[in-house]
Amino acid sequence: MRSILLLLTTLVCTILIVGPLPHNSIRAQDTTLYTRTLASLPAYTEFLSLPNDARIDGQLEPNLQWLEREFSRRGFETQRLPNAGIDLLLLSYPAEDAGAETVLFYGHVDGQPVDPSKWVLAPPFEPVYGMMDVDSSGEVVYTAAELPAAPEESEVRLFGRASSDAKAPIMLFLVAWDQLLADGKRPDYHVKFVIDPMEEASSPDLPGAVETHREALAADHLVILDGPVHATNRPTLMGGARGIATARLTVYGPRLPQHSGHYGNYAPNPALRLAQLLGSMKDQQGRVTIPGYYDGIELDAATREMLAGVPDDVNDIRQKIGFSEADGVGSNLQEALQYPSLNIRGLSSGWVGSAARTIIPNTAVANLDLRLVKESNGDRLLTLVEQHIENQGFHLIPDGREPTDEERASYPRLASFSGSTSYGAFRTDLNGPTGSWLQRALTHTFGTAPVLVRTMGGSVPIAPFVNTLDVPAIVLPLVNPDNNQHSPNENILLRNYFRGAESLYGVLAEPLTTD
């Protein structure tokens, strides 16, 4: 997921070498599942060798054909769901009881664009085993490796685009499925698995496709197989994700850049005015000061207790990211993620560095993103920001054009503002029927309760999917948090590959209801 996806995506912006999982070796626990998982690695490297950038015509088709072949030979019905973009792929397997509930699994098969020159051990679509370490100077070092004798306990990784984000969950689902049927079992629910071929391109056509194919996709539970587990690398469940809106704010100064000696202290500087305007939107603790921005958000005692129970290492987070004091939006990281954000993601005005000039710039631009929570509406928040700009004395002109001479003569402060909501947030009660079932499955599998994350920090384009189908949705992440997703040298730690097979086997084998 795009993620980001992601409270966790924030943590993997810096390298995090993960620790051991709190569980004995899969080989000691289940020899047959271990053997099957090990034997799946050649097929997985074949899958990873298929380029999968949805922005390049034709690249996804071999991936979809691979999936159709692999699921078909396991007895799944395959169906292409026509889409304005690349067709969705729906894979279905009925339960023995026709009246059973339906679980819809979601995964995506496309990956981020690649720059082969930045991949160290091998090109992005030539999967290779290797190690990732941090040297004494803090630099990341990659070294080649062989498949070890005990991969489920090693530090060896498999490098390749989409190795974690997100072909791994699909492959591991197949491994777990094969073992389940070999053990003479099958889920007590109808299984549907929908494959999104454009997730990394923000799934622009997904909302329309879900509306069109609502009946085919209908389900009682939705399990989203995407994203990394908690930073501790423990089994994790996430109840939702934040949505996202984006905006651009431009403040206008003189018609052309002016000599700062001739007109400094006289011609208004748009960079300064933009800085003052942005500064008026937040206080010194980083809280948004725009009235009504946090309306509707209330965290009761039980929720705060749950959020405090997530094992975030505050000192480790601050040290790795490199700051001493967090913003004061919440009392901890998890609380902060329950509020909509107002983030400056980029600024531009004039020239800097060796190209710096002694001028008063003619414009200053800020690009913003607003991470949304379930209680917040993106269009409403964008309207609040726009009203705040006007309340600071700015006359807004339509975005995309320069002020006219008449506007320059009539209004002392000129700006333009435009924004749009990409998709909203979703959140499901982790202690509801779907979350309780998944908690039981992971607890039975690993002998310890999973980490429960109420809302992940990142945004995923599946939110319209969840809201249109009106189905409880839980994110089940499987891969290591330091997987370099969206970046060069993406990888999956083999320990997580083997544990992922265990996780999905446990989910497929766990009854939906307890009698």
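Helices here are DSSP runs of H or I with at least four residues, strands are runs of E with at least two, and both are numbered from the N terminus. With that in hand, welcome to a predicted model, in which local features need pLDDT of at least 70, side-chain atom pairs count only at pLDDT 80 or more, and totals for chains, interfaces and linings use all residues. Residues are numbered from 1 along each chain as its sequence is written, and side-chain values use heavy atoms, with hydrogens and water left out.

Let's start with helix α16. G447, which has a positive phi near 75 degrees, follows α16.

Buried (under 20% relative accessible area with a 1.4 Å probe, protein chains only) residues of α16 include W437, L438, L442 and F446. The buried residues of α16 pack (contact means heavy atoms within 4.5 Å) against several strands, among them β3 (102–108) and β18 (451–453), and against helix α18 (494–509).

Now for the protein chain, which has 18 helices and 21 strands.

| Property of the protein chain | Value |
|---|---|
| Box of C-alpha atoms along the principal axes | roughly 85 × 50 × 50 Å |
| Share of the 515 residues that count as buried | 53% |
| Accessible surface (Shrake-Rupley, 1.4 Å probe) | about 21500 Å² |

Of the accessible surface, 48% belongs to carbon and sulfur atoms.

How values were computed: Buried means under 20% relative accessible area, exposed over 50%, partly exposed in between (1.4 Å probe, protein chains only).
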